[in-house]
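Please look through the model below before reading my notes.

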Amino acid sequence: MVEDPLRVLVVDDEAPARRRLRELLDDCAGAMPLAIVGEAANGREAMEILHAVTSDLVLTDIHMPEMDGLELARHLLKLQPPPVVIFTTAFHEHALQAFDVHAVDYLMKPVRMQRLLAALQKVPRLKPLTAAKLDELPASARRFLSVTERSRVVLVPIDEIVYLKAELKYITIRTAQREFLLEESLTRLEEEFGARFIRVHRNCLVAKDAIRGFERCVGDEGDAHWEVVLNGVNETLPVSRRQQYVVREIGRENQ
Amino acid sequence: MPTMCRIQAEFERMATVCRRHEACIRLPYMRPIIRQNPDLPALPDFRNLGTVLRILVAVNGAAVIAAIVEAPRPELWPGHLLDNLSVLEPQLMLQLALLYAISPWLARQPYATGAWIVAGMTVACTLAVNALIDATHIVKGGDLLRELVLGLFLCGALLYYFRLRAKALSPAVAEARLQALQARIRPHFLFNSITAVLSLVRSDPRRAEGALEDMADLFRVLMRDNRELTRLENEVELCRQYLALEKLRLGERLQIEWHLNSMPGDALVPPLVLQPLLENAVYHGIEPSSAPGVVSINIFFKSGDVHAILRNPYQANGGRHHAGNKMAIANVRERLALHFDAEGSLESKVVGNAYEVHLRMPYRPSTSTVAEPPVPQPAAGDDMQKPPADAGNGTKRPPADSGDVPVRFAAVVRKVSHG
């Protein structure tokens, strides 16, 4: 019986590095069945390619523009089934200590054929990374949130988000165009993107850039509260009594 | 192709060795640091603006203090000060002019000899100015003995100060060099470049050869003792080779613009003064973006100084650790201070969506016509090396503005007489 080939996606922002990996994978193809399903210059491109094709293994550089390898690994977890990720990097050992500690697989550049082959042969036995493991790695804040829609993973750029609102099990992501549903904790998102968003209510984070101003509203029972007026979205969001100081703070910043 | 695979395997082995023994790569730098102490102390460079300013401030300050101490009442301070200065200033100017003239010769003497010569000059200048005053009676002469004692005291104190200063700065030399080492070439550049060369070995062996030669030249400079100044054109050539390697990795993403029309190629500059700044420009300005970006290098001559302006796209949310950037800039700034004191400067700022580094160094032409590595010399004189008369940036020929910067005049004249 002929084994199914291992489907590999190569991700690196430097064309020569991709070409080199391709050569090495060709060399390895003699020893085991392999298929290169695509090449991407950054994480975002990789996610796009994976809309159309399935891969068992993603070989990705760590430092890349637009979306780096660590962020890509997080978004890959949303795929069913998630591919195995092996990082390739030119950074030297002490930068990779965290990877060793958490047994995250990586290959150092320049990659040697024997090492690559050994890693490839290990893939069927490797489990995909877990979110917990990835959290331990020294990553910078994500640039996208990924949501699953009709079994596809859609990327929502953080810059385009107007607000994030927790509702029952989900978080609603609101952009100027539409809404998305995300399964994550608002507190964690606040920790990660605290510089960009501000909490106006127990269940709501608003992008500071999207705040046009505040309105004083009087409710049915005569109790007054503030509401956030937004740029680009024709909605207002209530500011809770506890977060009222935000009104003054943002007002000061905008002066 | 077995040979090529062999070559690639050798490279991979080389990279592994480099990674394991980074300490060994550093070793050659350590030696000069330990050895350099016996070379000190040295007399200050009397042609340096910083030195001259320090002397002027100290001596005139002493004159003010002397006037305050001598005069019985505050109303008399100005009178006493004027009396002091009328004798002191001619002496000071005479001595500074003499020191300026013999500075290069003085620098070659052992420290003790040099110090005695400077002290002797103080005595000679005092006697000469006194004789002149006695003969002409232009101003009221002072007490000769008092002037001699005070003059020698000031001379001693200043020499001691400059010696302390040289000592204080010398650990900085060592420190700066060590730091430079860590900041200089980012290891990821080396390993990414090796990967890029490996990718060319099969498809484009000739380009691979060229890239390896560039790498060899770059590392030759990185690994040598870089205390001596080098010709600006050598540094620029090094930058070209470095950028060629980056271009190999980054392809169209890296666009380079050179503006060197009025660059004085023979100016002496600290080695690796531009390369680390360009490395920063690529690392912070080009690598974080997948869109093409321009790194521009503009080197020109203006009012006796060599200016270099480096620009790269500013990535506000690049997210790269800006500490590394500051370290490289602080490092270059420190080396400029060590070599040129107040005459060199480095400023960085964000202009619109570009990050700009502006370097200023005094124009000190190289006296040797032999560049190292040899640079082809034009057959007819050294026209090529002179800054063109009026090529952009309001550049002037050095002699044209000799009036406003007398300190540099002699150097410039010497340069012109060579040609």
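1. Start with a term. Two strands pair if DSSP finds at least two bridges between them. Helices (H or I, at least four residues) and strands (E, at least two) are DSSP runs, numbered from the N terminus. β1(A) and strand β3 (residues 57-61) of chain A run parallel and are joined by four bridges. Within β3(A), Val58(A) is the bridge partner of Leu9(A).

2. Some ground rules. This is a predicted model, in which local features need pLDDT of at least 70 and side-chain atom pairs count only at pLDDT 80 or more, while totals for chains, interfaces and linings use all residues. Residues are numbered from 1 along each chain as its sequence is written, and chains are lettered from A and ligands numbered from 1 in the order in which they are written.

3. Confidence. pLDDT is the predictor's confidence in each residue, from 0 to 100. Chain A has a mean of 88, with 97% of its residues at 70 or more. Among its elements, strand β1 (residues 6-11) has the highest mean (96) and helix α4 (residues 97-101) the lowest (74).

4. The parallel sheet. Its five strands follow the order β2-β1-β3-β4-β5 (chain A), and the sheet is open. β2 (34-40) and β5 (106-108) of chain A are at the edges with a single partner strand each, so one side of each has no neighbour in the sheet. α1(A) lies across β1, β2 and β3 of chain A, at about 175° to β2(A). Angles run from 0 to 180 degrees between N-to-C directions, and axes are lines fitted to C-alpha atoms, for helices over the stretch in contact.

5. The antiparallel sheet. What is the strand order here? This open sheet of five strands reads β10-β9-β8-β12-β11 (chain A). Four bridges join β11(A) to strand β12 (residues 204-207) of chain A. One bridge pair is Ile198(A) with Val206(A) in β12(A).

6. Two helices. Helix α1 (residues 15-28) and helix α5 (residues 113-122) of chain A pack at about 65°, with axes 10 Å apart. That makes α1(A) roughly perpendicular to α5(A) (65 to 115 degrees; under 35 is roughly parallel, over 145 roughly antiparallel, the rest oblique). Leu24(A), Asp27(A) and Cys28(A) of α1(A) meet residues of α5(A) including Met113(A) and Leu120(A).

7. The partner chain. 19 residues of chain A are in contact with 24 residues of chain B. Contact requires C-beta atoms, placed from the backbone, within 7 Å.

Key
Two residues are in contact if their C-beta atoms, placed from the backbone, lie within 7 Å.
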